[in-house]
Amino acid sequence: MAIITAAGYITASDPLIYGYGTTADASLADALACLANAQIEIVEDDADTTDHQGHTLRRSDLHTHPATAALLALVEDRGGDCSWHVAGGVARTWDERANAEALVTAAVAVAH
């Protein structure tokens, strides 16, 4: 089976990636800056206000994941509205997912 290696981190609220960086902290900081730029307020989970409904995101909805170099490059090139998937604890592109599945299928076929 192919080993997927992380090259950095993404911070997302599925399915959108809001930030990325070489460390988890840098990724989160990038995401918070992106959201602030878009005038989206981060609220804590116990904030039940509707004052800014539609312009808020709960802090617990943001998740930081290790990510492959290919996904980081895709986000750099196209932005965070892209197809991605977490497997084995590492976020990767759909193409990487399909390639990994093909490798597993080929390995199973060879084993038989």
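**Entry 1: Thr11**

I began with Thr11 and listed its contacts (heavy atoms within 4.5 Å), leaving aside neighbours within four places in sequence: Ile17, Tyr18, Gly19, Ser27, Leu28, Ala31, Leu62, His63 and Thr64. I note that this is a predicted model, in which local features need pLDDT of at least 70, side-chain atom pairs count only at pLDDT 80 or more, and totals for chains, interfaces and linings use all residues. Residues are numbered from 1 along each chain as its sequence is written, and side-chain values use heavy atoms, with hydrogens and water left out.

I placed Thr11 in strand 1, residues 8-13. Helices (H or I, at least four residues) and strands (E, at least two) are DSSP runs, numbered from the N terminus. I then looked up its accessibility, for which buried means under 20% relative accessible area, exposed over 50%, and partly exposed in between (1.4 Å probe, protein chains only). Thr11 has a relative accessible area of 0%, so it is buried.

I also found a polar contact between the side chains of Thr11 and Ser27, at 2.7 Å. Such a contact is a pair of N or O atoms within 3.5 Å; within protein, one must be able to donate a hydrogen and the other to accept it, and residues adjacent in sequence count only if both atoms are side-chain atoms.

**Entry 2: the whole chain**

I counted three helices and seven strands, in the order β-β-α-β-β-β-α-β-β-α from the N terminus on. Of the 112 residues, 27% count as buried. Among contacts with a separation of 6 or more, 46% are made by residues 24 or more positions apart. The accessible surface is about 7100 Å², and 52% of this belongs to carbon and sulfur atoms. Accessible areas come from the Shrake-Rupley method with a 1.4 Å probe; for residues, only the protein chains shown count as cover.

**Entry 3: helix 2**

Gly79 follows helix 2 and has a positive phi, near 95°.

**Entry 4: strands 6 and 7**

I looked up the pairing of strand 6 (residues 84-87) with strand 7 (residues 90-93), which is antiparallel over four bridges. Two strands pair if DSSP finds at least two bridges between them. His85 stands opposite Arg92 in strand 7. The hairpin has two residues between the strands, and in it Gly88 takes a positive phi near 60°.

**Entry 5: backbone exceptions**

Most residues other than glycine have a negative phi, and most peptide bonds are trans. I noted that the bond from Asp14 to Pro15 is cis, with omega near 10°. Pro15 lies in the loop between strand 1 and strand 2 (16-21). Gln39 is not a glycine, yet has a positive phi of about 60°. I located Gln39 in the loop between helix 1 (24-37) and strand 3 (41-43). Gln39 is exposed, because its relative accessibility is 67%.

**Entry 6: cysteines**

How many disulfides are there? With a disulfide taken as a pair of cysteine sulfur atoms within 2.5 Å, I counted zero. Cys34 is partly exposed at 35% relative accessibility, whereas Cys82 is buried at 13%.
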